[in-house]
Amino acid sequence: RGAWPYGVLSRAPLARLLCQRHPRNVRTATITAVEMTETVPSNEQLAAIEEPGVVFVSAGAGTGKTTVLVERFVKAVCERGLSIDSVLVITYTERAAGELRTRVRERLIALGRPELARDLDRAWISTIHGFCHRLLRSHPFEAGLDPRFRVLDESQSRVLRAEAFVAALTRFLASRDPERLRLLATYGADGLQRMLTTVFDRLRSAGRPLVLAAEADSSVEEAVAALRESADETLRFTDPALEGRAQVEHALELMGEERPPAERLRDLSELRVSGPERERFAGYNEMLAAVERAALEELATRDRGLLEGLLQEFDAAYREAKAAESALDFEDLQLIARDLLQGNERVREATRWRFRSLLVDEFQDTNLLQCELIDLVGSDEVFFVGDEFQSIYRFRHADVEVFRQRREASSGVLALTGRSLHG
């Protein structure tokens with residue numbers, strides 16, 4: 001080991017654990033909430049900072065995980081001599097990336113390395129979308145892109161998608177086929193748009209082809225039963241003065257003893273609790289979303305052929321609209337970067353060779369597509385940190401199951417005691 005800037009400190013031993021996704025030794029540690037002084041990291045933090053190879057850390061709030069990320073970065077460039085742009089740090093908000101960059105700069109200055117602090121502007125510290133954007137800017141021709149491409153913001157993407165769906169539906173109905181007209185009469189134009197854009201987003205975020213499943217993955221009956229149970233518990237344990245209880249009561253009335261048809265259950269937005277009370281009804285809202293997903297899957301299975309045809313029309317129209325403006329949406333950044341790294345061995349190997357260390361923050365907010373990207377870029381040193389109980393980005397199609405599966409893939413968890421060096 002190189003000299004630690006705080007002086008000589010002991011290291012807590014870590015078990016050698018094998019990760020199924022990486023044919024290398026993996027360490028999995030749990031950091032508990034411990035006091036952190038300004039000058040000395042705790043044993044748990046020191047272990048996470050110094051452990052080499054593929055490391056998985058489960059860290060709750062207030063554990064000093066940002067300190068661990070900062071120190072791993074600083075150690076890589078100051079002690080191991082890696083260049084600033086050979087450490088890739090992935091965060092899940094631009095704000096977090098900015099804060100981490102500031103903390104690293106301050107730490108480098110404190111260690112008397114102002115030249116590295118000045119050089120930090122070219123560091124790869126960003127969201128996963130920011131990384132993909134920068135990668136595609138570096139290899140536009142290999143990715144099949146116009147070098148002058150621009151990235152749509154969410155409002156621009158929403159407008160373009162709405163226009164694309166209208167164009168797709170018009171083409172889909174042009175033949176006046178009776179079955180296609182029946183589909184429109186059953187769901188309505190707005191219903192079809194909500195249904196298919198939801199499926200479209202979900203499939204793309206998982207990096208999967210736009211093909212509807214032949215069978216539903218979940219049972220509507222089971223989802224409705226879970227919602228009833230959640231609604232009962234919510235009414236039993238929440239303050240009677242909360243306004244959100246009205247939606248919960250309406251949900252119980254709707255579910256009744258007989259399950260409503262899937263067409264009624266595919267959109268339950270009027271029953272969702274929003275606003276300042278949303279967090280208090282989080283479990284109920286999650287069960288409500290599960291019913292919507294199950295109903296959508298049941299409907300998609302029944303009218304699979306027709307819906308898949310319209311989905312393909314929508315995808316084609318949306319692609320045409322984006323191509324006309326040399327534009328990509330956020331999901332394109334990830335999908336095209338994934339395809340570039342998978343399909344171009346030269347770019348993939350150059351990227352893996354460039355990034356000698358990969359740090360991934362808030363790993364619980366990762367989806368399947370992002371996990372693929374991380375696996376394509378990571379090599380011998382990958383550091384994951386996250387906490388499933390802090391998973392907050394479901395609306396971005398984050399999948400906490402990715403976190404759980406990767407954690408389970410490591411052959412056990414080493415729970416550190418949380419004692420500081422002084423205690």
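These notebook entries record what I looked up in the structure.

**Entry 1: the chain as a whole**

I began by noting that the model is predicted. I counted 16 helices and 10 strands in the chain. Of its 423 residues, 49% count as buried. I then looked up the contacts with a separation of 6 or more, and residues 24 or more positions apart account for 76% of them. The chain exposes about 20400 Å².

**Entry 2: helix 2**

I turned to helix 2, which covers residues 65-78. I asked what span its 14 residues should have at 1.5 Å a residue.

**Entry 3: the nonpolar cores**

Which residues of the largest nonpolar core touch the most other members? I found L192, L265, Y284, L307 and L311, in a core of 51 residues. Several helices each supply at least two residues of this core, including helix 6 (154-173), helix 7 (178-205), helix 11 (282-302) and helix 12 (304-324). Another core, of 32 residues, lies apart from it; F149, F355, L373 and L376 are among its members. I noted a general point beside this: in soluble globular proteins, nonpolar side chains tend to be buried together.

I then followed L192 to its neighbours. Leaving out residues up to four places away in sequence, L192 touches F165, L169, L183, L184, Y187, L307 and L310.

**Entry 4: S230**

I located S230 in helix 8. Is S230 buried or exposed? Its relative accessibility is 13%, and the cut-off for buried is under 20%, so S230 counts as buried. Beyond residues up to four places away in sequence, S230 touches G283, Y284 and M287. Y284 is also one of the residues that touch the most other members of the largest nonpolar core.

**Entry 5: cysteines**

I looked for disulfides, taking cysteine sulfur atoms within 2.5 Å as the cut-off. The count came to zero. I compared the cover of two cysteines. C78 has a relative accessible area of 24% and is therefore partly exposed. C132 has a relative accessible area of 0%, so C132 is buried.

Methods:
Residues are numbered from 1 along each chain as its sequence is written. This is a predicted model: local features need pLDDT of at least 70, side-chain atom pairs count only at pLDDT 80 or more; totals for chains, interfaces and linings use all residues. Side-chain values use heavy atoms; hydrogens and water are left out. Helices (H or I, at least four residues) and strands (E, at least two) are DSSP runs, numbered from the N terminus. Buried means under 20% relative accessible area, exposed over 50%, partly exposed in between (1.4 Å probe, protein chains only). Contact means heavy atoms within 4.5 Å. Accessible areas come from the Shrake-Rupley method with a 1.4 Å probe; for residues, only the protein chains shown count as cover. The expected span of a helix is 1.5 Å times one less than its number of residues. A nonpolar core is a set of buried Ala, Val, Leu, Ile, Met, Phe, Trp, Tyr and Cys residues joined through side-chain atoms within 4.5 Å.
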